[in-house]
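This report goes through a structure with two protein chains and a ligand. Please have the sequence and the 3D view open while you read.

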Amino acid sequence: MLILTCPNCGIAADETELSPGGQAHLKRFGPGSDDSDFEGYLFLRDNPRGVHFERWRHAMGCGKWFHAARCTVTNEVFATYSAQTSEPPQDVLDRITARRPDWQS
Amino acid sequence: MQRYSVFAVAREALRFHKGWQRAWRSPAPKKRYDAIIVGAGGHGLATAYWLGRNHGIRNVAILEKGWLGGGNTGRNTTIIRSNYLQDPSAAIYEKSRSLYETMSQDLNYNVMFSPRGVIMLAQTHHEVRGYQRTAHANALQGVTTEFIGPDRVKKLVPIINIHGPRYPVLGGLWQARGGTARHDAVAWGYARACSDMGMDVIQQCEVTAIRRDGGRVTGVATTKGDIACDKLGLVVAGHSGVLADMAGFRLPIESVALQALVSEPIKPCMDVVVMANTVHGYMSQSDKGEMVIGGGADGYNNYTQRGSFHHIEETVRALVETFPMISRLKMLRQWGGIVDMTGDRSPILSKTPVDGIFVNCGWGTGGFKAIPGSGWAMAELMAKGTSPLADPFSMFRFREGRFIDESVAAGVAH
Ligand SMILES: Cc1cc2nc3c(=O)[nH]c(=O)nc-3n(C[C@H](O)[C@H](O)[C@H](O)COP(=O)(O)OP(=O)(O)OC[C@H]3O[C@@H](n4cnc5c(N)ncnc54)[C@H](O)[C@@H]3O)c2cc1C
Ligand SMILES: [Zn+2]
């Protein structure tokens, strides 16, 4: 079972306690944007075989959103971090490159 | 090609089975092909088959990184039905179902198609209304289905408990001509027919890069060297995002693990396929007597080919309530496949931003039933640049807002 530590309340939560929220750090588009911007925001996804940044909600716990960096092949969790950021923080990137030297963002 | 028949079996029996030939050749790749198909699952092989049969394009290679049918084609629970809601879906799935009826004869290979009938249970009032709507839509589309009451359900499936405490069976959508087939045989039968037309089925050959020149495809790099081509079909299901990335475009696809399991074999007890979408479980009995069981997919992207255990628990819990007699069954095997999910739960058969590259993917949890029809449409698309069955499923529909929404109608269905 996948276990993620919620950075909001500090609990190591089983996946049954969490709701997945898809790819993180999407750039949102509003009224006036063109069709391809909306297509990218709403539908197109990176879907990598490897390092993935994603959103989760601690639904059956504190109820708050957070981010995780996870390997989609091994389910190794590199880090969980605050949802209040528009890109992965440097220490998270460092932790990923320590485990996956060939990885490029 | 050596034809299979009752006489061939008798002849070989008399000479101690020493005369059987290999079903397909395993050649080294040539330098160049008119068309290359990446992925020797059912959809890739069917695409190649119809390219040869319907369009005379036979200088074709099918490249597979693992073994034939080792992807989702060999991992699915083989439900075949065509009771979808939207017109473009009904057209391609019904074409496909009807091609299954003659596939064993077409391919001279027994795919064990068994049109035993499929019931989708309605266990909430919402589902009753939804399936009645589908039955009406199917009537207009020329797909034979009917909405049946709980008594008919009980007659068709004596082992079912229709008075479940939480989700009693209120009726069902019945497609008498749906059923199952042998998944490996579908892949093997097509591979044999393709090889017989002079096509090269090349296993253990992973595509690692896609060569382009000025917005046009020129070939692929593989673990067996570079191969040139005029046209390239990407038919790799869960790995479509990875191949699209190699070709420099993005797809509206997310890959997740979907699981299935089978029980020890028991005596015949259920001769139809039953799907229960509200409680996330479905079951059929294989010819060997195993109960074949499937359920919901993972909620988050992954390529683990394993899946989360709690989905199995949920599925089995729901099925034990629906079929109390299975509560003492032992499970023999469990496995997972990586399925390719789109935003509207409909597939993609499409040209791409790169000239000469075509993509067939997004069949998600339910593409086994679509193999022959999808190959038919994809071959036409690759040969002519347009196909009435494929055109509504273009990848550009997401930009244009022309969704083919099956997520409401199909739920978790396969
Ligand atoms: C557990 C489970 C149950 C299912 N149940 C049903 C069901 O009951 N009914 C139904 O209709 N559908 C069902 N499905 C869905 C169905 O299995 C798929 O939609 C269908 O088999 C997809 O076929 P395909 O040929 O597109 O993909 P696959 O069979 O997955 O073939 C793709 C191939 O591409 C190869 N490949 C990937 N990357 C590369 C590369 N770089 N180079 C070369 N080759 C590559 C892979 O090795 C693979 O063999 C189920 C799926 C699963 C996992
Ligand atoms: Zn929390």
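## Contact between the chains

In this predicted model, 22 residues of chain A are in contact with 23 residues of chain B. The area buried between chain A and chain B is about 2100 Å². Carbon and sulfur atoms give 53% of that area. Three residues of chain A stand out here: F43(A), N47(A) and R49(A) supply 31% of the area that chain A buries against chain B, more than any other three residues.

## Salt bridges and polar contacts

Side chains of opposite charge can pair when their charged atoms come close. Across the interface of chain A and chain B, the rule finds 2 salt bridges. One joins E39(A) to R399(B), and the closest N and O atoms in this pair are 2.9 Å apart. D46(A) and R250(B) also form a salt bridge, with a distance of 2.8 Å between the closest N and O atoms. On the chain A side of this pair, D46(A) sits in the loop between helix 1 and strand 4. On the chain B side, R250(B) sits in the loop between helix 7 (240–247) and strand 10. Over all chains, the count of salt bridges comes to 23.

Polar contacts also cross the interface of chain A and chain B: the rule finds 12 residue pairs, both residues being at pLDDT 80 or more. On the side of chain A that touches chain B, the elements that give two or more residues are strand 3 (19–23), helix 1 (35–42) and strand 4 (51–57) of chain A. Helix 1 of chain A gives the most, with 3 residues. By class, this side of chain A has 8 nonpolar, 7 polar and 7 charged residues.

## The fold of chain A

Chain A has 2 helices and 6 strands. Read along the sequence, these follow the pattern β-β-β-α-β-β-β-α. The C-alpha trace of chain A spans about 40 × 35 × 25 Å along its principal axes.

## The surroundings of ligand 1

Ligand 1 is surrounded by 38 residues. The closest are E64(B), N72(B), T73(B), T77(B) and K369(B). By class, the shell around ligand 1 has 15 nonpolar, 18 polar and 5 charged residues. Helix 2 (42–55), strand 10 (253–265) and strand 14 (331–342) of chain B each supply at least two residues of this shell. The largest share, 3 residues, comes from strand 10 of chain B.

Some distances from ligand 1 to the protein can be listed one by one. For E64(B), an N or O atom in the side chain is 2.6 Å from an oxygen atom of ligand 1. For H43(B), a backbone N or O atom lies 3.0 Å from an oxygen atom of ligand 1. For G364(B), a polar backbone atom is 3.4 Å from an oxygen atom of ligand 1. How much of the area that ligand 1 exposes when taken alone does the protein bury? Taken alone, ligand 1 exposes 1000 Å², and the protein buries 97% of that.

Technical notes:
Residues are numbered from 1 along each chain as its sequence is written. Chains are lettered from A and ligands numbered from 1 in the order in which they are written. This is a predicted model: local features need pLDDT of at least 70, side-chain atom pairs count only at pLDDT 80 or more; totals for chains, interfaces and linings use all residues. Side-chain values use heavy atoms; hydrogens and water are left out. Contact means heavy atoms within 4.5 Å. Buried area is the accessible area (1.4 Å probe) that two parts lose on being put together, summed over both. A salt bridge is a side-chain nitrogen of Lys or Arg within 4 Å of a carboxyl oxygen of Asp or Glu. A polar contact is a pair of N or O atoms within 3.5 Å; within protein, one must be able to donate a hydrogen and the other to accept it, and residues adjacent in sequence count only if both atoms are side-chain atoms. Helices (H or I, at least four residues) and strands (E, at least two) are DSSP runs, numbered from the N terminus. Ala, Val, Leu, Ile, Met, Phe, Trp, Tyr, Cys and Pro count as nonpolar, Asp, Glu, Lys and Arg as charged, and the others, Gly among them, as polar. A residue is near a molecule or strand if one of its heavy atoms lies within 4 Å of it. Accessible areas come from the Shrake-Rupley method with a 1.4 Å probe; for residues, only the protein chains shown count as cover.
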